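Q: I'm new to this one. Can you walk me through a few of its residues?

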Amino acid sequence: MNLSFKQINALPFLTWNRLGVNQTSLAAELPEIKSYNGTPLNEKLPEGVTVSSQPLPGNMPETGMGAEAAAFVEANRSCGVSVRVPAGVKAAEPIVLTYRLDSKNPAVVDVNTVIAEENSEVTVVMSYASDEATAGFHGGCTRLIAGKNATIHLVQVQLLNDSCLHFDDVGAIAEENGIIDIMQAELGGSQAFAGCRAKLEGRCSSLNLETIYFGDRKRSIDINYVAEHIGKKTASEIHVNGALLDESRKTFRGTIDFVRGAKQAVGHESEYNLMFSPKVRNRTVPLILCAEEDVEGQHAASSGKIDDTKLFYLMSRGLDELAAKKLIIEAQFQPATDKIPVESLQNAISEYVKERLNTIEPVS
Amino acid sequence: MKTTGNKTYVEDIDRSVYDIKDKVDAAYQVAQGLTPEIVREISEAKNDPEWMREFRLKSLEIYNRLSLPNWGPSLEGLNMDNIVTYIRPNTAMRGNWKEVPDDIKNTFERLGIPEAERKSLAGVGAQYDSEVVYHNVREEVRRQGVIYTDMESALHDPVYGPMVKEHFMKLVPPEDHKFVALHGAVWSGGSFVYVPEGVQVEIPLQSYFRLNAPGAGQFEHTLIIVEKGASLHFIEGCSAPKYNVANLHAGCVELYVAENARLRYSTIENWSKNMYNLNTKRAVVEKGGTIEWVSGSFGSHVSYLYPMSILKGENSRMEFTGITFAGNGQSLDTGAKVVHAAPHTYSNINTKSISKDGGNCTYRSSVTVLPNANDCKSSVSCESLMLDDRSRSDTIPAMDIQNDNVDIGHEAKIGRISDEAIFYLMSRGISEDDAKAMIVTGFAEPIAKELPVEYAVEMNNLIKLEMEGSIG
């Protein structure tokens with residue numbers, strides 16, 4: 001089947017069209033989408049939590065990629081879970097969903113909903129990997145609704161091969177004191193798209209969004225995050241770390257939107273990017289929109305090569321240049337990977353990055 | 001600490017001196033709107049060379065083809081059918097203020113232009129509506145070989161005419177956007193500056209643009225060429241009285257900075273609040289050259305203003321320092337663009353904005369590093385201050401980096417005057433009102449100090465604070 005998105009990952013406020021960052025489009029030929037063959041869900045589920053494979057009806061929060069992507073996944077859902085955490089339940093174990101794209105499952109379209117009721121807490125981990133050969137497709141959409149004093153941790157790790165197309169879209173709402181805590185790792189695929197829109201509606205609700213990306217060969221990565229501060233004393237922390245190698249390309253859009261009335265809201269956003277090849281293309285568009293006086297918004301971005309003095313220090317301690325570079329990238333990714341509650345997945349990321357970094361050529 | 005009481009009232013800019021209207025006494029003006037006939041009429045009235053007439057008509061075609069921007073503040077209130085694009089004042093250009101008609105001279109007197117000329121400028125150009133009414137340059141500067149004249153004289157000059165033809169709208173082609181195409185079709189007035197190789201112009205030149213007629217457009221063209229190793233400081237000022245109909249300013253500034261040359265371009269823009277200020281400014285900088293922009297935006301109803309620097313030669317540099325102050329009814333979309341097109345280039349953008357009383361400030365920028373621009377550095381810092389919750393302040397920067405051997409940094413901050421800072425100052429024995437005044441002045445200070453002295457004083461007057469109780 002054909003996939004055609006005219007406008008996804010759109011900036012909430014447009015800028016010059018010639019920069020090519022206002023939105024992106026996507027057209028691709030997809031493998032046939034069938035029900036997922038296998039059981040992605042881990043056997044041991046946390047007590048007191050309901051997990052169903054049926055979609056939840058009802059009004060769902062807007063997502064970061066926009067209406068076209070959301071409509072597509074609704075129409076082509078092949079799997080996914082609906083998680084409900086009753087009031088007061090704090091799930092001790094994570095809910096782990098492991099998807100693998102191969103000849104049996106070349107296309108995965110998962111639509112998930114996580115509803116955490118008052119005073120509850122839950123962790124959901126999703127990972128997407130593939131075999132070497134499959135030119136697969138993954139399109140996902142996850143909705144998070146954190147009730148009063150509830151916390152949802154979402155971990156999404158993407159390690160697909162270089163011929164897979166991937167998008168992952170998130171829409172979240174947090175009520176009073178609700179916490180949305182997301183870690184996204186966009187490490188593989190031919191083209192990877194990620195979106196997240198979080199509506200911080202309740203007083204003192206917050207968003208923590210920690211992302212790592214890794215671009216090598218000809219990968220293109222396109223990210224759009226929006227933190228909408230509606231309630232008083234809401235807080236958002238969006239921190240993105242990435243590395244670009246070879247001929248990879250990346251566009252990162254991150255918006256902190258202070259709506260009038262979001263008094264004493266605080267939003268921080270940062271992006272740190274390391275570049276390893278003169279052929280990369282690195283685009284960053286960090287927006288702060290503000291219609292409220294009593295707020296604090298900050299953004300910082302830096303982009304460049306690995307700091308020479310850091311490299312020199314490590315090399316003076318006996319590491320060769322390549323080992324030193326690997327160490328620096330791993331250190332950059334560490335705060336994000338530390339959030340993954342599944343050790344095997346942490347190791348998989350570490351192995352993946354190490355193996356990929358072997359392709360970096362030492363500077364002569 | 002006292003947090004109740006009246007809000008601090010930050011005064012609007014005192015505009016009374018700018019708002020004095022002269023009776024419109026035009027020698028000649030075209031009808032409202034924009035048609036090929038009007039463009040031909042302007043061309044004829046200005047006695048254009050043939051190439052310029054063709055250029056105008058071609059620009060008009062481009063204007064009709066291009067659409068309005070789909071981003072930025074609303075242009076709904078601007079109807080080109082109601083704009084008079086050419087209006088010639090009832091005087092020829094003079095080189096002596098005494099010969100300028102009284103009402104026009106008085107206007108510039110009130111704005112302090114002749115006085116500034118006597119005191120601190122090397123030359124002055126004064127434009128009134130569509131034409132330049134006064135142009136003069138000090139004898140010692142003239143002797144250095146510096147040319148400072150109006151665009152029309154340069155266009156018809158046997159020596160500088162070909163130079164104008166070679167550079168006119170080559171840096172900012174009419175295809176660039178709709179309003180620059182409009183400029184190409186109906187431009188009139190503006191200044192031409194040529195600084196020969198190695199010449200250092202020690203004191204600034206200034207052009208002042210005054211739009212007096214209601215419902216009119218001003219489309220001046222400024223072309224500056226600074227040759228190898230030369231240096232110049234150019235100041236541009238603009239103002240207009242307030243009318244109830246929309247006025248339009250769509251000027252164009254093209255700056256050519258040659259090898260190891262240096263140009264500082266300062267602007268204080270203080271248009272009235274019925275003005276659509278859709279101005280385009282661009283500089284190209286050759287090897288080792290420097291462009292410095294200092295930009296203060298206080299006036300206009302809507303502004304789209306982003307001076308662009310193309311760092312074409314190795315080791316070329318740009319610095320941009322800007323302040324924007326938006327009050328009631330204003331939507332000021334300002335910022336800067338830079339293209340690093342050569343190795344070892346350097347750019348630094350530093351802006352501040354203040355929004356109050358329902359005003360909208362938008363900071364918009366782009367930093368582009370082309371693939372060959374090895375070892376370049378760019379740093380951007382923008383800070384916004386919100387003085388109440390009826391105002392808006394948006395920050396929309398973009399970076400496009402196509403090379404790994406770079407050092408790119410970006411910082412943005414938004415907020416209000418912090419209670420802690422006030423508390424700290426008060427604990428040192430400073431009154432609450434003084435503390436707040438100090439903080440706002442301090443916020444604007446890094447920009448004010450880049451301005452020429454008389455403008456810094458003017459700016460501090462413009463952002464006059466009247467303290468009464470507390471903010472918040």
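A: Start with a salt bridge between the side chains of Arg416(B) and Asp294(A), with N and O 3.1 Å apart. A salt bridge here is a side-chain nitrogen of Lys or Arg within 4 Å of a carboxyl oxygen of Asp or Glu.

Q: Where do the two partners of that pair sit?
A: The pair crosses between chains: Arg416(B) is in the loop between strand E26 (406–415) and helix H9 (419–427) of chain B, and Asp294(A) is in the loop between strand E18 (281–290) and strand E19 (295–304) of chain A. Helices (H or I, at least four residues) and strands (E, at least two) are DSSP runs, numbered from the N terminus.

Q: Before we go on, what kind of model is this?
A: It is a predicted model, where local features need pLDDT of at least 70 and side-chain atom pairs count only at pLDDT 80 or more, while totals for chains, interfaces and linings use all residues. Residues are numbered from 1 along each chain as its sequence is written, chains are lettered from A and ligands numbered from 1 in the order in which they are written, and side-chain values use heavy atoms, with hydrogens and water left out.

Q: Back to the pair. Is Asp294(A) buried or exposed?
A: Asp294(A) is buried, at a relative accessible area of 14%. Arg416(B) is partly exposed, at 22%. Buried means under 20% relative accessible area, exposed over 50%, and partly exposed in between (1.4 Å probe, protein chains only).

Q: Which other residue forms a salt bridge with Arg416(B)?
A: Asp419(B) does, with the closest N and O atoms 3.6 Å apart. Asp419(B) is partly exposed, at 30% relative accessibility.

Q: How many salt bridges are there over all chains?
A: A search of the whole structure finds 40. One of them joins Glu117(A) to Arg84(A), with 3.2 Å between the closest N and O atoms. Glu117(A) lies in the loop between strand E6 (107–116) and strand E7 (121–130) of chain A and Arg84(A) in strand E4 (residues 82–85), so this pair ties together parts 33 residues apart in sequence. Glu117(A) is partly exposed at 28%, and Arg84(A) is partly exposed at 36%.

Q: New topic. Where is Thr395(B), and what does it touch?
A: Thr395(B) is in strand E25 (residues 392–401) of chain B. It is buried, at 1% relative accessibility. Not counting residues up to four places away in sequence, Thr395(B) touches Pro286(A), Leu287(A), Ile288(A), Tyr363(B), Cys382(B), Ser384(B) and Ala412(B). Contact means heavy atoms within 4.5 Å.

Q: And Cys252(B), buried or exposed?
A: Cys252(B) is buried, at 0% relative accessibility. It lies in strand E13 (residues 252–257) of chain B. Leaving aside neighbours within four places in sequence, its contacts include Val172(B), His183(B) and Thr280(B).

Q: How far is Cys252(B) from Pro204(B)?
A: They are 20 Å apart in space, C-alpha to C-alpha, and 48 residues apart in sequence.
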